[in-house]
Amino acid sequence: MSYLKWSFFLLVMFVSELAFAQQLPLFSQYRENHALLNPAVTHADYVALSYKPNNTIGLSYRYQWQGIRDAPKTFTARYERIFNKENFILGGGFMKDQTGPTGFTGGYLRYAYMLRFSRTNFLTLGTNLHFQQFRFQSSRGVLTDLGDDLGMSDLSNFQGNASIGAYYQSEFPSTVDIFYTGLSILQLGTVHFSSNDFKPTNTPHFYFLGGIYKYLGDGFGNLEGELFIEPSIWVKYVPNTPIQLDANFRFQMAGLFWIGTGYSVAFANYETIDGALKGNNFVFEFGITLGESLGFDYSQMKIGYSYGRSITTYGPDLGNIHELNLTYSWKD
């Protein structure tokens, strides 16, 4: 086997171990799936839009590393409602993920309480309860130990776990600009409801996020319009895996479009034999927003697409990352 093939083989083994350890899917347009990363977060449209839509429903589909056979594919559906008078959030969602012979299907229920200091300044504490069925399809697997009876059978396990989070949002003094930050812990504990021996263990995930909405006005001299730029970061830590940092930038003109870019890097304390494994990824995203132009009253529909690629020597072997998102938010 050539040196290049050996390097790629080691890379695939590393990625497989990393994906198993992290367990949870990634998202390029992560702000649309914020509730999966932090159950205390309010939706991006509620933060950004002046009329504060309190209902959000959305769909996402992600196809990652299309250059690899049986690469990860993830589908999510979600809904949340902010009860402004009662100061709490209720929501839920569905997720299906498939990577080679392994995958899971499940859902979550969400509750968060908002400690309000003003219309745009508040602290939110939230929790998600997750329920998932993990599965292994033996016909799609490759056994390392021939005669492994467990690996020659289709397996499934139904389990539950919880996530907790805190989120703070506030205006900068003397401006309408908003900053936000949050901390969360996902997959706290695991409860198995199946009696078989196939019992995957969930590893806790630790997330930090932060960002700023810098308003540029609405074109009519009103600073509290929906024309803004948003620099943001999120950091993820999973025990025994590299720390991952994502930096993102978005420009949005509400009612028309948005465009953005991002860069992620994994901080590992080791390298591959050729020094190529840095974990660097580039993301570009754009989308359109449909609101008043379609006669919507205090509501907005967003259609977004993102493209990602690993900018390393093995990037061409992994292939591209595609993600589609549809979100509809409204105020009642």
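Me: Which side chain meets Glu-285 in a salt bridge?
Reply: This is a predicted model. Side chains of opposite charge can pair when their charged atoms come close. For Glu-285, the N to O distance in the salt bridge is 3.3 Å, and the partner is Arg-31.

Me: How many residues apart are Glu-285 and Arg-31?
Reply: Glu-285 belongs to strand S12 (residues 281-290), whereas Arg-31 sits in the loop between helix H1 (3-22) and helix H2 (34-37). The pair therefore links distant parts of the chain, and the separation is 254 residues.

Me: Is Lys-302, which forms a salt bridge with Glu-32, buried or exposed?
Reply: The closest N and O atoms of Lys-302 and Glu-32 are 2.7 Å apart. Lys-302 lies in strand S13 (residues 299-310) and Glu-32 in the loop between H1 and H2, so the pair ties together parts that are 270 residues apart in sequence. Buried means under 20% relative accessible area. Lys-302 has a relative accessible area of 1%, so this residue is buried.

Me: In which strand is Arg-62, the salt-bridge partner of Glu-323?
Reply: The closest N and O atoms of Glu-323 and Arg-62 are 2.9 Å apart. Both Glu-323 and Arg-62 are buried. Glu-323 is in strand S14 (residues 321-330), and Arg-62, 261 residues apart from it, is in strand S1 (residues 55-63).

Notes: Residues numbered from 1 in each chain as written. Predicted model: local features only at pLDDT ≥ 70, side-chain atom pairs only at ≥ 80, totals over all residues. Heavy atoms only, no water. Salt bridge = Lys/Arg side-chain N within 4 Å of Asp/Glu carboxyl O. Helix = DSSP H or I, 4+ residues; strand = E, 2+ residues; numbered from the N terminus. Buried < 20%, exposed > 50% of the residue type's maximum accessible area, 1.4 Å probe, protein only.
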